[in-house]
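Colleague: I'm new to this one, and I'd like to learn how to read it. Could you walk me through it?

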Amino acid sequence: MSFKDLPIMQDKKKGVLLFYPYVSKKSGLNVKKKLAGRWLGQGPMVDKFENEFRKKFAKNCSVIATGSGTDSLHLAYILAGLKKGDEVITTIFTCTATNIPMLYMGLKIKFADIEIETMNISVQSVKKLITKKTKAIVCVHYGGLPCDMDELRSIAKKNNIILIEDAAHALGAKYKGKTIGGLSDFSTFSFQAIKHFTTGDGGILTIKNKKLEDKAKRIRWFGIDRKKKQQGIWKNDVHEVGYKYQMTDIAATMGCDSLREFNQIIKHRKKIYKTYLNELSKNKKVKCIHDYDKKKSHGAWLFTISINNKDFVQRKLRDHNIETNQVHFRNDRYSIFKKYVKGKKFPNMDYLENRYLVLPLHHKVTVKDAKYISELVNKYAK
Ligand SMILES: Cc1ncc(COP(=O)(O)O)c(C=O)c1O
């Protein structure tokens, strides 16, 4: 087997897994109660989850719960008014979910390179890609580390461009003391299995312009005004194409339970994050993905390192039953994006491609585990 082909580690194996879903212990009983009731699909728990999320992360925004982070991104792109042929600048390094909805809409994707220190979208690269046809910039806070928001906002403002934050990794992250979720025109979150907490699958879209809330809710539900329908008004025209992008009450029940535990969730994740940072930043052969910018408070979803002998270290860690991986891959490696990258160069992504490695970081990882993993990385990094 080549170093690159390490299968996913099995749960029963002793060791440290890369990810583990976070589900509140309360959800067993609460979901059971929900299953015995009337509202399984989108009902009162979805409203509750949206309200609680708003209070915690996006006070001045409209908050729309969806079926996934990808649904939220697609909704954001529609609400941003993006149309076929519009140019959108996005990062080369992210989950495909950030960029695939652009293909649904026939948008012209302009991929930007990343910064070596953060793996976030490079502001310099964004600046070079701006044209008269640019309608939006999409940034991803990789691993939970906020992007250079002041700089991106200033580019967006100067060029009258919409800024969309894919904050799937960044729940609880802050920029200049403000929670990610309420800073830009649109921000999106994900609650799929391995995020800070999970609702099975689920997402949130936050919107600065509250006037878009009704439209967002319609497009989330086939284009139908669901409120009117529930009030008994059946003569309800559908004048825009909508989707089935709602969150269910089952998912929202799980979401509400975990949201109440979020302070403990993030506290633990930050403790593990800091342990890695302290142990690994002493070693010059290991670069921790971080720019140590005081404006940014990390959401501690992923801990990523950059090392010259990534495959060797990954293999050695696996020999000690520690699972690591790369998680996301540069999007230009996928055939569906080939059309948008022909002849384009991404030197920072090239540099990092075979160097970055994600270490385990979740509620089951202990400080002792993180110290042991760091010890091994320090021993084998060359
Ligand atoms: C950066 C990023 N954006 C979007 C998504 C999509 O979220 P979902 O899986 O909830 O659709 C993910 C992960 O799943 C992600 O990592």
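Colleague: How far is a nitrogen atom of the ligand from an N or O atom in the side chain of Asp 166?

Modeller: First, a word on the model: it is predicted, so local features need pLDDT of at least 70 and side-chain atom pairs count only at pLDDT 80 or more, while totals for chains, interfaces and linings use all residues. Residues are numbered from 1 along each chain as its sequence is written, and side-chain values use heavy atoms, with hydrogens and water left out. A polar contact is a pair of N or O atoms within 3.5 Å; within protein, one must be able to donate a hydrogen and the other to accept it, and residues adjacent in sequence count only if both atoms are side-chain atoms. Here the distance to Asp 166 is 2.6 Å. An oxygen atom of the ligand is 2.8 Å from an N or O atom in the side chain of His 169, and a polar side-chain atom of Ser 190 lies 2.7 Å from a ligand oxygen.

Colleague: How much of the ligand does the protein bury?

Modeller: Accessible areas come from the Shrake-Rupley method with a 1.4 Å probe; for residues, only the protein chains shown count as cover. Taken alone, the ligand exposes 380 Å², and the protein buries 91% of that.

Colleague: Which residues around the ligand come nearest?

Modeller: A residue is near a molecule if one of its heavy atoms lies within 4 Å of it. There are 17 residues around the ligand, and Gly 69, Thr 70, Asp 166, Ser 190 and Lys 195 come nearest.

Colleague: Which helix gives the most to the shell around the ligand?

Modeller: Helices (H or I, at least four residues) and strands (E, at least two) are DSSP runs, numbered from the N terminus. The answer is α3, with 3 residues; α3 (69–79) and α4 (96–104) each supply at least two.

Colleague: And in what order do the strands of a sheet lie, say the one with β6?

Modeller: Two strands pair if DSSP finds at least two bridges between them. In this open sheet, 3 strands follow the order β7-β6-β11 with antiparallel pairing. β7 (178–179) and β11 (296–297) each have a single partner strand, so one side of each is left without a neighbour in the sheet. Strand β6 (residues 174–175) is joined to β11 by 2 bridges, and Tyr 175 has Lys 296 as its bridge partner in β11.
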